[in-house]
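Please describe this protein for someone who is new to reading structures. Begin with the whole chain and then go to single residues.

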Amino acid sequence: MEQANIIFDSRNTYFKTPSGAVVSDTEITYRILVAKALHPDCVHIVVKYDRHDEPARYQMNGGEETPAETDTYLEYTLTLAIHDTGLYWYRFEIETPKGILRVGRDQDNAAVITDDDAAWQQTVYQRKYDVPDWLYGGIYYHIFVDRFHRSGRQRFAGEGQILRDDWGGVPVWEPQDGQILNNDFFGGDLEGIRQKLPYLASLHVTCIYLSPIFEAYSNHKYDTANYERIDPMFGSEEDFQRLCREANDLGIRVICDGVFSHTGADSIYFDKHGRCGGSGAYNNPDSPYRSWYCFREDGSYDCWWDFETLPKLNKRDPGYIRYITGENGIVRKWLRAGASGWRLDVADELDGGFLDTLTEAAKTEKSDALILGEVWEDASNKIAYDERKNYFEGGRLDSVTNYPVRNGIIEFIRNGDSQRLRSAVESIIENYPPEVTNCLMNILGTHDSPRIITALAGADLGPDPTREAQAHTHLDENQWEEGIRLLKMASLIQMTLPGLPCIYYGDEAGTEGYKDPFNRTCYPWDQENQDLLQWYRKLTEIRSAHGVFRQGGYRTIDASDGLFAFERYCGYGMYWPVITAVNRGPAERELSLEGQWRDLLTGRIVSGNVSVFPNEALLLERSL
């Protein structure tokens, strides 16, 4: 192997201490090794603050020979204290007799001599609010309310709504008069969820995340008609209060889905069709809600992703901000009713000032309320609508949905790409504050993505499959067997990574399906795949019984040739470390272990060089 001219690893505490994101005013020590063959005169670290146009340059100390490799490298160090919160980007410059060499990071985070501006990210934060510690070590469970469980109460359809009696049937997917209406209802409701609280407790769930529950026309309820009222299809405010109260008695919190970027066109606020009393913004220029929306001179209006049924809200309008975040606003109303927090739909579309105010309102009402954002990318450096979101600087989100790691897990389980998964995990851990990482929503399936068993073992229908193809494509017997085997490996990784695993209702029972609406089918009560369900119960039992999963550290052991192995550990001997190892490669691999370990999945005791065979998964706890 060719010897590197430069050695620097931002994720290794030898080269950067402390690693990862830091609290403001923390002193950070950087160390870089430069090959003597480059004949360096001096080395600078170049740091650019995200809010400044020009970088700062600091000369590093050193040039001394390294203790370990005195014949090869010179060592340079510098300690800096960074005061202002935000993002910083740093790289190195080496002055040599032949000119200045620029050093940045490559796609694998290694140091390389380069002409571009590929820099390392440094997140600096100062939390204004404590992350709710009731989350640590827990498990989220995501419920699409209409499809989880129906209580049997009598239902009443509104105009154009379809009541289904075939629980488990295929949701309506064909357009009606050229439109996708999402107007069929299977009858899941809040009382139905309450009835299944013992089931959720058997999975060691600690936080239920409900899809939107407020009055709306559709079955998904992302087209809010009235933020102040539970949709009659789902029950009443009293039902919600009872659900939260009885869930809390079992150690389970409930968080709501806050859809604050848009409303429905058929709402009391917009009232496009004139069915809500005439005070809506669309037909009434004097409406108190008129300034909530952005109208054009021709009468058209800004919509969410061009859906005319979803008029976009102006999140900078003072009246709208008061309505959502005021002392008697929506955020605080439902926290008072029993909710323990909010998951914010399309958080990218909520500008920083609105987010600040919303979070302050929630934390004022309940200091341990959770504010979690839906973000599909690395949320630490997210730019949306020409705004750096700075979600983690201190006063906004507690945490986010973890799609980057979800994508990495799927790619690893399907194709054995352990390096991509390692990169996804380590990048998140490096860029996010540890408080954020410890309560990440680690997802495999969601209402916006194919069911995880389908994503792992289903036929590849391409990036934009037709609804007809999705409706008529199902797992065959061989794919079912393969899907269960693959999902067991994927869920083991999900359950043991930093953060909280989120079970999308029915994934634990083997529910299949491609994209919306096929990923929103009914929970298969009394038809669950028992093998898979018992696997989930075993994993959640193990997770709940081992404190290392609350806030334990993370270290990648191996991510090569189809093996992904990592360790969770705690300092000061609080808990024994646990190693997760999954082999999706074609050949047997070995783990070299010190001491004696017990496989928590089988009870087997192992030590020394331990084989991990293809398609084998181990969960090892140090015992001696």
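## The model as a whole

This is a predicted model. The protein contains 14 helices and 34 strands. Its C-alpha trace spans about 80 × 60 × 45 Å along the principal axes. A compact globule with 624 residues would have a radius of gyration near 25 Å, and the value for the protein is 26 Å, so the two agree.

Of the 624 residues, 57% count as buried. Among contacts with a separation of 6 or more, 69% are between residues 24 or more positions apart.

## Surface and charge

The accessible surface of the protein is about 25900 Å². Carbon and sulfur atoms account for 45% of that surface.

There are 64 positive and 97 negative side chains in the protein. The centres of these two sets lie 3 Å apart.

Aspartate 239 is part of helix H3, which covers residues 237-249. Its relative accessible area is 12%, and buried means under 20%, so aspartate 239 is buried. Leaving out residues up to four places away in sequence, aspartate 239 touches Arg153 and Leu190. With arginine 153 there is also a polar contact between the two side chains, at 2.7 Å.

Glutamate 191 belongs to helix H1, residues 190-195. This residue counts as buried because its relative accessibility is 8%, under the limit of 20%. Apart from residues up to four places away in sequence, glutamate 191 touches Ser151, Arg153 and Arg242. From glutamate 191 to alanine 379 the C-alpha to C-alpha distance is 35 Å, and the two residues are 188 residues apart in sequence.

Aspartate 351 lies in the loop between strand E22 (341-344) and helix H6 (352-365). Is aspartate 351 buried or exposed? It counts as buried, because its relative accessibility of 14% is under 20%. The side chain of aspartate 351 reaches the backbone nitrogen of glycine 353 at 3.2 Å. Not counting residues up to four places away in sequence, aspartate 351 touches Lys315, Arg316, Glu387 and Lys389.

Threonine 466 is in the loop between helix H10 (452-457) and helix H11 (467-471). A polar atom of the threonine 466 side chain lies 3.0 Å from the backbone nitrogen of alanine 469. Threonine 466 and arginine 296 are 170 residues apart along the chain, and their C-alpha atoms are separated by 34 Å.

Proline 18 is located in the loop between strand E2 (16-17) and strand E3 (22-23).

The peptide bond from aspartate 516 to proline 517 is cis as well, and its omega is near 5°. Proline 517 sits in the loop between strand E28 (500-504) and helix H13 (530-545).

## Positive phi at two aspartates

Aspartate 177 is not a glycine, yet its phi is positive, at about 55°. This aspartate 177 is placed in the loop between strand E14 (162-163) and strand E15 (184-185). Its relative accessible area is 81%, and exposed means over 50%, so aspartate 177 is exposed.

Aspartate 306 also has a positive phi, near 70°, although it is a residue other than glycine. The loop that holds aspartate 306 runs between strand E20 (303-304) and strand E21 (307-311). With a relative accessibility of 72%, which is over 50%, aspartate 306 counts as exposed.

Definitions and conventions: Residues are numbered from 1 along each chain as its sequence is written. Side-chain values use heavy atoms; hydrogens and water are left out. Helices (H or I, at least four residues) and strands (E, at least two) are DSSP runs, numbered from the N terminus. Buried means under 20% relative accessible area, exposed over 50%, partly exposed in between (1.4 Å probe, protein chains only). A polar contact is a pair of N or O atoms within 3.5 Å; within protein, one must be able to donate a hydrogen and the other to accept it, and residues adjacent in sequence count only if both atoms are side-chain atoms. Contact means heavy atoms within 4.5 Å. The radius of gyration is taken over C-alpha atoms; the globule rule is 2.2 Å times the number of residues to the power 0.38. Accessible areas come from the Shrake-Rupley method with a 1.4 Å probe; for residues, only the protein chains shown count as cover. Lys and Arg count as positive and Asp and Glu as negative; His and the chain ends are not counted. The place of a charge is taken as NZ of Lys, CZ of Arg, CG of Asp or CD of Glu.
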